[in-house]
Every structure is written in structure tokens, then in C-alpha cells.
Amino acid sequence: MVDEAVIKIPSGEVLEDDEASGPTISLPDSGDTGEGGKLSMIVQLVKKCLGVKDIAAMRLSLPASLLEPLPNLEYWHYLDRPDLFAAINDSNDPFERILAVVRFIFTKDLKFVHGKVCKPYNSVLGEHFRAHWDVPPVSYSSDPTQPPILRVHTTVSLPPATSETVSVKSNRSGKSSKSTRSGLSLTSKGKVSPSTAPTSLGDAGLSNLSLTPTNGRNEESIRIAYVTEQVSHHPPVSAYYASCPSRGTEMAGIDQISAKVSGTAVRVAPGSFNKGIYINLTSGPGKGEKYHITHPVANVNGILRGSFYITVGDSTIVTCSGSKGGVAYRAVIEYKEESWLGRAHYLVDGVIHTYDEGSTEHEEWTKVKHVPTARVVAVFDGCWRNQIRWRRTAASPSASSSSSPSSSSPSLSETEYASLIDLSTLFVVPKQVRSLERQFSNESRKLWDPVTTRLLAKEYGEATKAKLAIEQKQRDEAGERKRKGIQFIPQYFEKDISSGVPILTAAGRKAVEEELRESCSDASS
């Protein structure tokens, strides 16, 4: 007889509603909330995790003093620069669109460039999080080789409004910033969120940071809505969906990680349900295109010193399908392995190349050196925490096929480099979230508020008690479901996540629609 307390997945894997087997590995609070005390607890934790195949699947209970006052579902969303997510579909040129996707990839986790590595709360089953962003659309220089001009949360001053700058009415798409009705057909009315600094911007460049609100601009903001839900507890799995209807751009995927102690670092890789990020263009110039973005492998280093930093290895592959331009593009982003000696350099290089959609030959091209030279249309390199540059190659589309405003506009030769993105000048754009009074009981900020409030007040003992109470309530509810033979069903996403692309339920679509309609005056960052 099939256990009713589990959700079967067609692939044969199982998502469990119950706790993982085996005893809970707990870490007692040392009572020392200083850096020395935290370091001692971290060393104890590493020792307990040695030889464990997957830390993420363990029953692990940490004292609240080791946690950042932030829910996990709020922490992970890949929208640190929602303006660049919305800009993916700006250009008429399919080559420029995949270039925009590569630019978005380098900014999706901008928190790791300027912010500290932290451990948010572990999500509980059925927990969900909703938010939105209101951002001014990017604008473009009349020089198509230059990157988009970003208008908020950057240390770069906005250029003067001259004929040399094509503002919100992009020369790449010929469309204005005014919201259009597509997709869910619910868009921002042009109200603008208060300009509020993110939780932590780091120390660099703060005096020059542009936090200018968009109220004073003669343009409407673009709204991006986001919803995510914890659909499994063991293994920990969440589903997410984001939408920018006015730009015909949506994103979805499954989040699950596998973590293992490797030497003096924790190696983090995608879990079996995490097949990457999926971006669909539902209207506009790229209508019908789908982008699949795989995840690289990351390492959390500096554990024994108590000074954490992230390094990235392996490759990210971007595959575009469904293009109507007659040419299919794919990108390989290769993160260079760091040396055991000396400081990290965070180097990356990559290529954009053509491929045949009907063939499988390209699936073997996982490194830059694997891609045939004749297929490469652009190359890029740099530091994923700083500047990344790019240039065309001899096989690149001709300048006449680009979406430049005129044939006299400058184009990039195969020997000239241009800036793809300068990450050192960008900071995380804060999200807008409904007030606690308007949130559901299992919505992340409200659910974890007893812990967050006590952590912020530095009442670490009371915070740990509140955290344990939430975790025990989850165990009690799971036990009650099992006793009654009731299976857990996610609220916002269909239970079958085997494809890696979650599907919104009616309740999920409603949540997205509500977020797209949300009044800015009722939300806070």
C-alpha cells in the first residue's frame, strides 16, 4: 500500500512530508554571541558534518545566533537586479537577447558580490513568500556596443538627457516604457515604491550610490512579481515563479541544493530536482523563445577562519530554443577553478555560439574549449565580482543584422572589447513586501517574525526557543497528516515537479495577480 504521506514523482524519486530518517544533529548554543563563540560553534558543526553525503538532507538544528534574521525563501530569488531581468526582451535581435540573458546571469546573485555569506532560516513545509519590484526600465546609449544604462542602485551617475542617449524608448525594440497588457494582463499603474536601501549594501561606494526614486521621472515603472513555496521538507525543495507582463518575460524553476564538506570548504551543487532556471518570452520581440540556464557549483570557503567567501567552479550553460530568427544561440560560462594558494581571483570566461536545435552534438560542449571556433560568435571574460568585457568574432552576425538605429551607428569589430557589465557599480534592488498585518500565517516574514524580532533584539536564547517551537509545530503537523493518511499538497504549485519547471495552481496565479496589483503604499522593503 502506498504511503499517503508522500508525494510520488514520475521520475521514481520521492518527496517526503516527514522528517529525514536518523537522529537530529543539534548544535548547542555556547552562550557566547561574539565572533569567537560563533567560530567555535561553526568548527563543531563542520566536525559533525565530516563524511556526510549531503548536509542539505540532514536533520540539523542550529542555534538561532548562527542564523541571519532572514527567511530562506526570501533570500533566494535570482532577482537582485530585476531591471536586467525585465530587459532581456528589449531587443529585436536574438543575439542581443542572449547577450542580455548572460548579463542577467552575472547579476542575479549580486548579494554575493557586495554582501556577506549568511545562513538564513530553514524553510518549513508549506511556507511561502511573495514580493514585487517596481523599477524604471533600463535605457540605452545610441552606441549599441555599450551596456544598458541602469537607473537605480548604482554608483554610476545617469548621463544627461541628450540626443546621444536613447532613453526608455529603446532603439533595440522600438517600444516605449508604457506597460502593455500581456501574460496575466495585470501591470503596475505606474506607482513607484519608496526608494529604500537594501538590508546590506556593503561598504564600497555608498556615498555615490544612486537611490533616486522614480517618482520624478517622466516614465512608468516596470513591475516584476514573485512567488515561491516550500513544496518538500526532506529533501528541502522549493518552487518559484516570477513575471514581468509588461515586458513579456517570466521565470520559473525548482530550488534544491546538495552540500558536502570538502576539505576546509562546503561544496554546494544543484540537487536532483533542481534542473536550472527557465525563462520564457511570452510576447514582444522574442515571443516564443525559451532560455534554460543551468547552475554552476559553488564553494563556501574560510569556514575554519570564520571569514566566509564564495568561489564558483564548473560551468553555466544557457540554451535558447524557439527562436524565429533562423539561428539558435547557446552560451557557455566557464568559472575558473581557484588555486589552493593565494587569494581568490573570481575569474570567468565564456562564449556565445550557434547550434543546431535538431542535433544533440552541442550537449557535449560544456567548456569553452569544446566549442568549435566556427560556431563562436562572441567571447567574454573578466571577474564575476567586478568587470566583464565581451567582443564579437569573425563568425558573429554582421552589423547590418543588428538592431542599431542606423547603419552609421558604431559596431564592435572582432578585435574590440566592450563592457558587458560592471558588477562593482551595482547593488541589490530592494523588494517590496506586504505588511505583516496583511500576510498569511505561513507567509515567510510573518511565520518567522517571533525569531526575527528576538534576533534583532539580540535575545538569542529566546530566539532559539521561538525557532524550536516553529520546527516542532511542523513535525507535529507532519505526524498528524501521516496518522490521518492525508498527503501534503502544495498551495501555489502543482505537485509534479519532475520536469524542473513548476506549474502554478489557480491559487498561485491568483497570488501573482494580487502582487501585480499591489498598491505600493501598502508594501515595505
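Predicted model: local features only at pLDDT ≥ 70, side-chain atom pairs only at ≥ 80, totals over all residues.
Started with a buried pair: Phe-95 and Tyr-329 are both buried (under 20% relative accessible area with a 1.4 Å probe, protein chains only; over 50% is exposed, in between partly exposed). Residues are numbered from 1 along each chain as its sequence is written, and side-chain values use heavy atoms, with hydrogens and water left out.

**Rings**

I searched the whole structure for aromatic pairs and got twelve (Phe, Tyr or Trp rings, the six-membered one for Trp, with centres within 6.5 Å; planes under 30 degrees apart are stacked, over 60 edge-to-face, the rest tilted). Phe-95 and Tyr-329 have ring centres 5.9 Å apart and planes at 65°, so I logged the pair as edge-to-face. The two are 234 residues apart and link distant parts of the chain, with Phe-95 in helix α4 (residues 94-107) and Tyr-329 in strand β18. Helices (H or I, at least four residues) and strands (E, at least two) are DSSP runs numbered from the N terminus. I also found a cluster, in which ring pairs link Tyr-78, Trp-133, Tyr-226 and Tyr-240.

Next I checked charges over rings (NZ of Lys or CZ of Arg within 6 Å of the ring centre and within 35 degrees of the ring normal). Arg-389 has its charged end over the ring of Tyr-417, 3.5 Å from the centre. Lys-111 lies over the face of Tyr-75, 5.3 Å from the ring centre.

Most residues other than glycine have a negative phi, and most peptide bonds are trans. I looked for exceptions. His-153 has a positive phi of about 55°, sits in the loop between β6 (140-141) and β7 (165-166), and counts as buried at 4% relative accessibility. Tyr-346 has a phi near 60°, in the loop between β18 (328-335) and β19 (347-355); at 14% relative accessibility, Tyr-346 is buried too. The His-234 to Pro-235 peptide bond is cis, omega near 0°, and Pro-235 is in the loop between β8 (222-232) and β9 (237-244).

**Helix pair**

Last, I looked at α7 (residues 449-456) and α8 (residues 460-484): their axes come within 8 Å and cross at roughly 170°. That makes α7 roughly antiparallel to α8 (over 145 degrees; under 35 is roughly parallel, 65 to 115 roughly perpendicular, the rest oblique). Among the residues in contact (heavy atoms within 4.5 Å) I noted Pro-450 and Leu-455 in α7, and Tyr-460 and Ile-470 in α8.

Key
Axes fitted to C-alpha atoms, helices over the stretch in contact; angles between N-to-C directions.
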